[in-house]
Protein chains: 2
Amino acid sequence: SSPFPFSLSLTMSAPSPCFQMSEKTLCVSQSLFTNNRTRLCEALRAVEELPATAVVCLQGGKSLLRDDTDHEPMFRQESYFHWAYGVIEPDFFGAIEVKTGKSFLFIPRLPESYAVVMGAIKPCEYFQKRYQVDVVAYTDEIATVLKSINSDALPELLVMNGINTDSGSKTAEVTFENIEWFKVNQSILFKAIVECRVIKTPEEIEVIRYANKISSEAHKEVMRQVRPGLMEYQLESIFKHHTYYHGGARNVSYTCICGSGHNASVLHYGHAGEPNAKQIKDGDVCLFDMGAEYHCYASDITCSFPANGKFSDKQKLIYNMVLKSNRAVLAASKPGVSWPEMHRLADRVHLEELKNAGFLQGDVDEMMANYLGGTFMPHGLGHFLGIDTHDVGGYPEGTQREPHPGLKSLRCGRNLAAGMVVTIEPGIYFINHLLDHALKDPVLSKFLVADKINEFRGFGGIRIEDDVVITETGTDLLTDVPRTVEEIEATMAEEPTMPIVE
Amino acid sequence: SSPFPFSLSLTMSAPSPCFQMSEKTLCVSQSLFTNNRTRLCEALRAVEELPATAVVCLQGGKSLLRDDTDHEPMFRQESYFHWAYGVIEPDFFGAIEVKTGKSFLFIPRLPESYAVVMGAIKPCEYFQKRYQVDVVAYTDEIATVLKSINSDALPELLVMNGINTDSGSKTAEVTFENIEWFKVNQSILFKAIVECRVIKTPEEIEVIRYANKISSEAHKEVMRQVRPGLMEYQLESIFKHHTYYHGGARNVSYTCICGSGHNASVLHYGHAGEPNAKQIKDGDVCLFDMGAEYHCYASDITCSFPANGKFSDKQKLIYNMVLKSNRAVLAASKPGVSWPEMHRLADRVHLEELKNAGFLQGDVDEMMANYLGGTFMPHGLGHFLGIDTHDVGGYPEGTQREPHPGLKSLRCGRNLAAGMVVTIEPGIYFINHLLDHALKDPVLSKFLVADKINEFRGFGGIRIEDDVVITETGTDLLTDVPRTVEEIEATMAEEPTMPIVE
Ligand SMILES: [Mn+2]
Ligand SMILES: [Mn+2]
């Protein structure tokens, strides 16, 4: 009688083929993942060197313990495996026969004691219905099952083998008992699956849109609640509570960044060593970069605003420069446009505006040629967004990362295409050691008006980050938060609305 | 001018030697950790085979990435390293000269780019003051610094080498450049540091007491807010928000268990595969096992109550049985008492009460001899609590785990001693497959009144979990939540108080 898949442990024979945390949260149909597997097979069939008996073989994320203890950190599915199956449990394997699209899941054989500690042991039929695959067997049967797919010939296994261009880390190697029975092909799968992940389907976009919706609502509530005297982490707490309680998002996409005052100039502030533990002061700027994840699809949103609810002249000045670059990139983004060019567009807007406001002097083209933009925006303009916050595929083979300030941190070097989801997140920061470096640099220093710049030391920074889908003609903005100075001040003046009791 | 250590990045020369998230949260002095190191040196000096040049060498937790991505899960310090240093940053090493107690920290040499992304790079002097050690150097200098401790002889390094008795996992091996210069001793340190961790100091107890305080407050708020119609995870969200927003606890000690109805019989419900996503129904029992962690010291509290705020007769009946065993163990616990005997005491109370209520028949001594208690309480009575939720030292060399139902899951086989912190968490559950097993068992079945037991299938379970310090004469109860039926009903009738805006 309950509409939710997780409450079906008592009626395990008929699980809903969807993920949903409650009636009020998004229902993610398993067809999203079935469709992803179909897309992958189509892409692989177009690969000239595809073996005739190709079978994709993927290993899901493993349950892990912290150090030598029995503490179990919350399991979060490995991203490629999630993309292909949408499985929420650890220790699965999957396979897909490329020719037919026939799909397999392999589940761990659990001991009887599991039922007492972790919950009823679900049979293969449960997972077959829940995850809409053709075959479910146990992980100790992988080799036997794969061997029997085709009576004529052993399958050739396509396995992951590639480097994540954001981390530099290699994908994990698939291992299971008797894998040595099979020929293993490491050269085809990675590239194909990465390219599939780069282009999001309408169903995937709906999940990212939902993650954006609940995160946008939470950012607005944070704006209503923030005030001098609170600790930065208290706003992190409100954000997480709002997205979980109201949106069913148990995880955030990345550690919440709640920088106030000077901390707003630390790009990834908020980590364990700098745990959002400053008291927010009157006059501080707040730069809050927070996003919820729903069924492993990310959002990534930054709002910048004055702690006391009213922009100072200084804050308004810098804020409007960044809003201008954000809107310029939003307007210019469409299929065919180079993302590094968009980064350069944001740089140009910043340099022009900084010159107009008296921070810089001289010729903007010359500033651009010397990458002065990287002094104020030392990070990339934005990145792919999907199952990973920094989603895969930013630099496919043959695409080079430009080695210049700012651009060298850009996580995507491609031309935009319809179905990509990117963040647009320009920022201007006053970072002492970058300013000192530029003021000492024989080329850069001549552009700088030192007195004006020094007035803004300690200001922190402004970042405005939106998530957008690239459409056939332009962009579809997923983020829905107040963006103009007036809109922000109006939202901040509202009474907090978080209904703590429904 | 700010009293908080984390806001001192601008005045790094004089950090406070303490951990505190805000003025309103507990200040944990660094002396807690200095004292721990002193205790360790004293214990080591009492070891007959201690080398004359012994130097303890510990490796802190490493910063990790998720799978092949650049996603950084929140760093949480490795527990032994935390016990010795209280360091919140990853990638440190530590050393202690046993003879003198002289202490060393080794910090990673960070690239200039760290300052832009992660925050100002703090010099050695900062960490020396913040963590109150004698020497701070870089991790690429470990071998050189250790070599120079003593001009007469190379130190012999005492390193970790042991098995965690809850996980069965081995401690990680210490590795650093040129460690091969030194003789490495693997036989002394583990046992000594585990025994030190078993007995908590007054300063450690104050942190566990604080974690209990903020978690108790949050449990009470959850009781006020729970009602049929809410989803289980919404109460998890309230708990986490309350402990973080009001208590400064960024992490929970373990994944929140929010079981309602039948889910209350799943001991570790709430993990990623069973994510607290059932709607709470009128008539459900709720078993909520949740604890916040503060500066890596745990709390672990379970409250059981009726979803609708009024105990049914059935709920009251089982609840009072468990409360009776909880209180019996609390009253009997003191130095010298065997913890497995306390487990047996709880079993005996349960069996007597179940017999009195008509669930069981026959001789209770005979039931005890056949370990029937494990059918209703298939977990251990409680465990050490400290920097790990299941803290170390439950089974030192020579202490055997008893192989019987219930007892085989007991995480501590020792006699109690002053300064130990344990959980007292008896429970009675109606778990179908354990009941089926007992009903089919030729010995156990004769004790069971099948009709009465079958009436309670689907009931779920009751657990009442408190955290206590063993004192010289008895116990000091750290947990402060309503425990009697009347107290619980009174709390649940209160208006929610969580002030969402201060
Ligand atoms: Mn971003
Ligand atoms: Mn416990």
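Predicted model: local features only at pLDDT ≥ 70, side-chain atom pairs only at ≥ 80, totals over all residues.
Residues are numbered from 1 along each chain as its sequence is written, while chains are lettered from A and ligands numbered from 1 in the order in which they are written. Local features need pLDDT of at least 70, side-chain atom pairs count only at pLDDT 80 or more, and totals for chains, interfaces and linings use all residues, with side-chain values based on heavy atoms and with hydrogens and water left out.

### Symmetry and interface

Chain A is superposed on chain B by a rotation of 180° with 0.0 Å of shift along the axis, at an RMSD of 0.0 Å. This is the relation of a two-fold axis. The chain A C-alpha nearest the axis belongs to A:His241, at 2.9 Å. The superposition is by least squares on the C-alpha atoms of residues with pLDDT of at least 70 in both copies.

Contact (heavy atoms within 4.5 Å) links 87 residues of chain A with 87 residues of chain B. The two chains bury about 7,200 Å² between them, 56% of it on carbon and sulfur atoms. On the chain A side, A:Asp68, A:Val116 and A:Tyr233 lose the most area to chain B, together 10% of what that side buries. Buried area is the accessible area (1.4 Å probe) that two parts lose on being put together, summed over both.

### Manganese sites

The manganese ion (ligand 1) is coordinated by A:Asp300 (OD), A:His383 (NE2), A:Glu425 (OE) and A:Glu465 (OE), at 2.1 to 2.3 Å. Along the sequence these donor residues are spaced D-x82-H-x41-E-x39-E. A:His383 is in the loop between helix H12 (373-376) and strand S14 (421-424) of chain A, and A:Glu465 is in the loop between strand S16 (461-463) and strand S17 (466-470), so this pair ties together parts that are 82 residues apart in sequence. A:His383 is buried at a relative accessible area of 3%, and A:Glu465 is buried at 0%.

Donors are N, O and S atoms within 2.8 Å of the metal (3.2 Å for Na, K and Ca); water is not among the atoms, so sites may look incomplete. Buried means under 20% relative accessible area, exposed over 50%, and partly exposed in between (1.4 Å probe, protein chains only). Helices (H or I, at least four residues) and strands (E, at least two) are DSSP runs numbered from the N terminus.

### Salt bridges

A salt bridge is a side-chain nitrogen of Lys or Arg within 4 Å of a carboxyl oxygen of Asp or Glu. The whole structure holds 64 salt bridges over all chains, and the count between chain A and chain B is 8. Several examples are listed below.

| Residue | Partner | N to O distance |
|---|---|---|
| A:Arg66 | B:Asp388 | 2.9 Å |
| A:Asp388 | A:Arg197 | 3.1 Å |
| A:Lys278 | A:Asp284 | 2.5 Å |
| B:Asp391 | B:Arg197 | 2.8 Å |

Salt bridges with shared partners join A:Arg66, B:Arg197, B:Lys200, B:Asp388 and B:Asp391 into one network.

In chain A, A:Asp388 is buried at 3% relative accessibility, and A:Arg197 is buried at 1%. In the other chain A pair, A:Lys278 is buried with a relative accessible area of 14% and A:Asp284 with 10%.

### Helices H1 and H7

Residues buried in H1 of chain A are A:Leu32, A:Phe33, A:Asn36, A:Arg37, A:Arg39, A:Leu40, A:Cys41 and A:Leu44. A:Ser215 is found in helix H7 (residues 202-225) of chain A and is buried, with a relative accessible area of 0%. Apart from neighbours within four places in sequence, A:Ser215 is in contact with A:Phe239, A:Thr243, A:Gly291, A:Ala292, A:Ser299 and A:Ile301.
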